[in-house]
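Please look over the chains and the places where their parts touch, and then read the numbered points below.

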Protein chains: 2
Amino acid sequence: MTVQDQRLAEVQTPALLLDEAKMTRNIDRLAAHVGGKGVMLRPHLKTAKSTDVARRVLTDGTGPATVSTLAEAEVFAEMGVRDIIYAVGITPDKLGRVAALRDKGCDLSVLLDSVAQAQAVAEASARLGQAIPALIELDCDGHRSGVAPGDPVLVEIGRILHEGAAELRGVLTHAGESYEMTGRDVHRALAEVERAAAVGAAETLRAAGLPCPVVSIGSTPTAHAIEDLTGVTEVRAGVYVFFDLVQAGIGACQQDDIALSVLTTVIGHQQQKGWVITDAGWMAMSRDRGTAAHAVDQGYGVVCDEAGQPIPGLTVIKANQEHGIIAAREGYEGEVPDLPLGTRLRILPNHACATAAQYGAYHVIPSAPGAPLLTWPRFGGW
Amino acid sequence: MTVQDQRLAEVQTPALLLDEAKMTRNIDRLAAHVGGKGVMLRPHLKTAKSTDVARRVLTDGTGPATVSTLAEAEVFAEMGVRDIIYAVGITPDKLGRVAALRDKGCDLSVLLDSVAQAQAVAEASARLGQAIPALIELDCDGHRSGVAPGDPVLVEIGRILHEGAAELRGVLTHAGESYEMTGRDVHRALAEVERAAAVGAAETLRAAGLPCPVVSIGSTPTAHAIEDLTGVTEVRAGVYVFFDLVQAGIGACQQDDIALSVLTTVIGHQQQKGWVITDAGWMAMSRDRGTAAHAVDQGYGVVCDEAGQPIPGLTVIKANQEHGIIAAREGYEGEVPDLPLGTRLRILPNHACATAAQYGAYHVIPSAPGAPLLTWPRFGGW
């Protein structure tokens with residue numbers, strides 16, 4: 001046993017494992033792809049929720065970054081990140097926390113898609129005596145929030161920000177639908193949808209005499225597929241740092257790229273049913289069933305041995321709160337190994353964001369061969 | 001505004017709210033039902049994961065209690081609970097932590113359903129010089145773990161424990177299938193299935209000359225429905241402390257009994273689609289879709305106003321990580337209120353265990369009228 005094996009054997013299960021070498025490979029791949037096109041990458045830190053991971057994702061530790069909660073903004077600003085977009089629609093009651101972070105020297109910008117929000121940001125900017133920068137969210141694919149393409153409210157919102165006390169920082173869009181569609185070519189087409197919506201909106205704002213310095217697009221699938229970034233100033237992506245079975249299922253990565261797994265122990269069997277029962281139930285995996293509608297439904301996760309090698313045919317077919325039930329996939333005719341009581345396994349998760357959220361720390365298998373495991377704390381909350 | 005309203009208005013969203021009055025009513029109802037039959041109630045603390053809640057659920061703060069993780073056992077033992085069943089199949093590597101808790105004066109017992117586990121517990125008991133008490137898990141309804149009714153391995157396991165250095169504490173079963181079935185009469189029938197399996201196994205053990213002091217059954221639906229407890233020494237239930245939409249959907253409670261909700265803020269709209277977008281996505285609600293197969297699918301939750309009154313017709317129809325999408329139920333023809341930016345709502349969760357797990361604390365609305373809100377920390381992990 002190497003030192004790593006010894007330490008891994010000491011970790012109580014269930015536990016969240018992070019393969020540093022795979023993570024680094026994932027980080028470098030997208031940085032090279034986007035950087036190679038002369039455009040800035042603004043990693044989304046909502047999956048990581050860890051300063052240790054953030055330091056490895058951000059070029060020099062100061063940003064740029066994207067976050068999904070003000071808690072993330074607060075932690076990463078404290079760590080020294082100086083350029084953050086809070087990429088969830090702002091509400092008036094959250095502007096106090098935004099202003100407090102800006103006062104501390106973090107250039108935090110907010111997102112909005114309505115006149116009411118723009119008025120609230122302009123009013124807060126006037127009241128607080130500082131121009132809060134805001135990006136206008138665009139709905140490029142009907143996924144959730146954002147101004148629809150061609151909606152004249154875009155210019156109205158821009159004007160309220162620019163002519164009021166706020167700052168019109170730019171436009172932002174996210175092809176959330178890309179998570180439901182498979183294949184690099186489809187993702188490239190969706191990236192072009194993002195680009196066209198964002199660049200078109202930027203042109204509309206500029207034609208109206210308004211500034212639009214930032215043109216921000218991105219999602220993990222589209223960021224990896226995109227070729228043409230004309231007019232775009234930055235690309236965002238988040239789950240690519242770890243990847244997961246959903247991303248593998250839609251062709252945004254290979255299964256071997258998945259850097260995150262759940263270490264679990266076999267606690268029992270129902271021999272007649274072919275069930276192996278583990279201590280990684282849905283509390284350990286999350287309730288996310290993101291592959292349910294995929295060509296290959298991965299249940300609650302793909303089963304690997306303790307070293308991380310997938311075991312052919314096995315998935316977690318069912319989960320109770322603290323019980324995972326492993327069995328052969330429907331129709332699988334191959335051999336299934338004996339997994340006696342106490343066997344330790346790793347489960348690849350459907351959705352890294354959801355699974356990681358169930359844990360207070362990553363147990364990190366370091367890139368350096370034989371180096372001892374590291375523990376990187378992670379946080380949650382809002 | 002009362003003091004409570006003022007404090008509630010200050011809580012940043014999303015946040016987990018706990019209605020103390022409803023919780024107390026839920027606790028008292030089951031205590032009266034089970035206690036009225038002269039049988040001990042052993043509350044399951046896996047949903048609560050809070051010492052503040054535990055002190056209100058446990059008769060005198062010392063137990064008895066059930067837990068689903070050793071982390072729970074450790075926290076509650078530290079709080080003073082002296083009688084705990086760890087109700088998930090034990091593995092050899094966890095016995096060190098079990099013994100450490102027993103050394104500190106907590107009568108922690110473990111659960112098992114195999115010869116291999118019984119041997120491991122007997123060996124650890126011999127090695128550590130203390131008899132670790134174990135209950136044999138019975139599979140009364142094919143739900144997951146447990147010895148099947150009539151399987152002769154029951155006596156074999158009992159003998160290994162009793163004749164080895166361990167302690168045969170009794171038998172335990174849980175009608176997990178009751179969560180999938182609707183109606184008090186059905187739950188009562190399942191309670192009888194639990195009782196018959198447990199009492200039958202206890203008789204088998206005793207007939208073989210083995211002790212079986214504890215005969216433990218229960219689940220929230222069966223515990224509320226059960227009438228005949230002959231031969232049973234204790235009843236377990238957990239989620240009843242808070243209840244949720246799954247329990248309401250199967251008729252184990254009324255929707256008005258649900259003590260837990262998620263406070264959220266409207267962050268935007270897609271008017272043409274009839275969508276109201278909030279800051280309570282699946283990170284705030286969990287990915288649990290436990291009502292998906294019910295007669296009434298509640299989406300990601302039932303929408304209430306800030307005071308907790310359900311708004312007819314509205315559910316959370318879709319959830320992204322930090323975005324909840326509220327819309328009218330399919331087929332709903334009634335009026336839907338205008339919910340402008342900044343409106344605060346409460347969402348009733350599908351599954352209290354899963355939703356509560358997304359939070360580090362409960363914001364408690366105290367029973368006492370006008371009293372200020374309390375904050376009760378909660379923990380996670382294993």
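How many residues of chain B are in contact with residues of chain A?

1. This is a predicted model, in which local features need pLDDT of at least 70 and side-chain atom pairs count only at pLDDT 80 or more, while totals for chains, interfaces and linings use all residues. Residues are numbered from 1 along each chain as its sequence is written, and chains are lettered from A and ligands numbered from 1 in the order in which they are written.

2. The contact between the chains takes 41 residues from chain B and 41 residues from chain A, where two residues are in contact if their C-beta atoms, placed from the backbone, lie within 7 Å.

3. On the side of chain B that touches chain A, at least two residues each come from strand S4 (83-89), helix H6 (115-128), strand S10 (260-270) and helix H12 (352-356) of chain B; helices (H or I, at least four residues) and strands (E, at least two) are DSSP runs, numbered from the N terminus. The largest share, three residues, is supplied by S10(B).

4. That side of chain B holds 14 nonpolar, 19 polar and eight charged residues, with Ala, Val, Leu, Ile, Met, Phe, Trp, Tyr, Cys and Pro counted as nonpolar, Asp, Glu, Lys and Arg as charged, and the others, Gly among them, as polar.

5. Chain A is assigned domain 1 (6-13 + 259-377) and domain 2 (37-241), with bounds from an automatic or database domain assignment.
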